[in-house]
Every structure is written in structure tokens, then in C-alpha cells.
Amino acid sequence: MANKDYILKKLQEADDFLSGEELAEDLHITRAAVWQSIRDLRKAGYHIEAVTNRGYRLNRDYEPLEKEKIASGLIDELKEIEVLVEQSVTSTNDEIFRRDDESPLSSFSFMVAEEQTAGKGRVGKSFLSPFGSGLYLSAILKGSKDFSPELLTIAAAVAARDAISLQTQKPILIKWVNDLYLEHKKIAGILTEANFSSSTPRYVVGIGINTDTPRKTFDKKELPSAGSIDEGKLSRNRLAADFVNALYKWCARPKEEILDAYRKYNLTIGKTIAFSKRDIEYTGKVKTIDDDGGLVVDVNGSTTTLTAGAISIRGNW
């Protein structure tokens, strides 16, 4: 029996975590070889948790990402797009650009992955993307005839909120400009990137949604503000289809409708925030979000508008 088959059998029989050290001793192999077998099993679609000082455990309720299940949930207008499913990529944003370079994809085609080893966040930050505990998705859009490129991130935030709300009644809110929050914890981030190297502009909307990421994973990476939806039987396959359906619909709506929805569910309006401009930190109160998606802030009686950048909310919210 191959090492990975033996380990799978032991995991299926176990009621709790199995020590990597014990598995290594049983098989007379190294801990590194045990870990490689775990990675092979994950690539085969098994969701195996790994916890420091406890070992490994098979999640029997885990639903792997499946192309057929995702595609079956897409609206008729999207039935011809490409749905790409990967086990592991560095970044879904980078990978879908690369795939489109190799063989052009139709607009709104998208990729999902079980994990990202170098998930991308805004302003050069990373996005933690552990195997099987989130939805990591990038959709490619081409041209700009049917949507406003400057509102893509905002439309994606509204679409993500709509999609998540189809499977949970929890109060999902949007933090300007590209994050989704639940009970003061960031559960999702959006990164929109553009490429103008060809005759038709290409845009990629990437989103990471923490669906079932353990608290201890965030704590280990020192991410106290990160959180997860944790909605029991939430289906990532359905969530993927629902998000792209919603993104397609919101991109086709008038600009004012997109902004009205974005303002309605935005937790930033009325809050005191801190932000930096030219390496100087300011504090002010958010008045509104303007008709271009900018954040209008009152700073000591003077109004300034932020069009990009990071903000932090101060005080109790």
C-alpha cells in the first residue's frame, strides 16, 4: 500500500487528529514524507486539516471545488464562458492573465483554486489563502463597452455581498474601498487589475472570501482583524457561480444604481478614519461616497476626497 493510501485509511478511521510523528513512525518514513503524502491527498481533492502540535484530520463534510457544479449554477448569459478549476496556484489573478495569453478566454470567464501560495492583496499586501478554507476566484473582463472600469471594484464588492447573502443571513457590510466585513472582521478582499498591452483592454477582478478558515490560522499569521463566514454547510461551488452571476448583472446596471447599493451597505460612511497622504497621517470623518466612488472626508472643517489607498476606522464601530 502506498504511503498516501495508508495515511488516508488511518485518517478515515480516526475520530480525532492523528500525529504526523506517529504516522511517520508507523510507515518508517520522515515527517517530510508524511507532509508530501498529505499534499498529494489534498491535490486529489481530500480536505485535510493540519494543526500544529495536534497533527492531521480529515474533514468528511468538505465539498471540493468542481467545474460541473459551478457551471450548472451560472445564468444563461454565462453558459458559454470558461470555468477553470485548479488545486493550487500562486495567484488566480496572475494565472488567469497567463491562461488568456496562451489561449484567449471569453469575457467573464473565471478561475477558482483550492489554495493560493502567493495570494495578492492591494498595495502590495498578500492575501492568506489556505487550502480548502476559502473561495479564491478571478474573473477576466474584456473591453469596457458594457461596464465602467473605474467602478469594477465597487460593483464586485456589491456582487460579493449579494452572493454571500444568498447562503447566510449574517450582516455582511462593505468597507471602502474593497473589503467585506462581518462582525468587525475582514472576511473578503478584492483586487482589480488591468492590462492594456493588447488592442482590447483586459481587466481581472480577483476576490478572496474566507468561508471556513479556522481562527487559529489567522492568529498564527498575526492577522487579528481577519475573520471567516463560518456558515456550516456553505457551498463554495454555489458561491462561485452566484458571485460571477451577480458581477455580470451589476456590471450591466447604471452607474447610479451601483453606487446607491454600495453606499447602502457601506460601513465607512459616518465613521472617523485615519489615512495617509504624502507620508502624512490625517484623521477625519467620512461624509459620503461621491459619484465616482471617492471617499469624501471632513478633516478639521476642510473636505478632501480619497480615490485610492488604505484607511483604518477609529473608535467603536
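These entries record what I looked up about salt bridges and one annotated region in a predicted model.

Conventions. I number residues from 1 along each chain as its sequence is written, and side-chain values use heavy atoms, without hydrogens and water. As the model is predicted, local features need pLDDT of at least 70 and side-chain atom pairs pLDDT 80 or more, while totals for chains, interfaces and linings use all residues.

Entry 1. I looked up the UniProt record, an unreviewed entry, which lists residues 20-39 as "DNA-binding region"; such annotations may be inferred rather than shown by experiment. I find this stretch 85% helix and 0% strand, with its end C-alpha atoms 13 Å apart. Helices (H or I, at least four residues) and strands (E, at least two) are DSSP runs, numbered from the N terminus.

Entry 2. I counted 24 salt bridges, taking a side-chain nitrogen of Lys or Arg within 4 Å of a carboxyl oxygen of Asp or Glu.

Entry 3. I found Arg39 in a salt bridge with Glu115 at 3.9 Å, N to O. The pair links helix H3 (residues 31-43), which holds Arg39, to strand E4 (residues 110-116), which holds Glu115, 76 residues apart. Glu115 is buried at 13% relative accessibility, whereas Arg39 is partly exposed at 27%. Buried means under 20% relative accessible area, exposed over 50%, and partly exposed in between (1.4 Å probe, protein chains only).

Entry 4. I noted Asp100 and Lys142 in a salt bridge, with closest N and O atoms 2.7 Å apart. Asp100 is buried at 6%; Lys142 is partly exposed at 24%.

Entry 5. I traced a salt-bridge network that links Glu86, Glu95, Arg98, Arg99 and Glu102.
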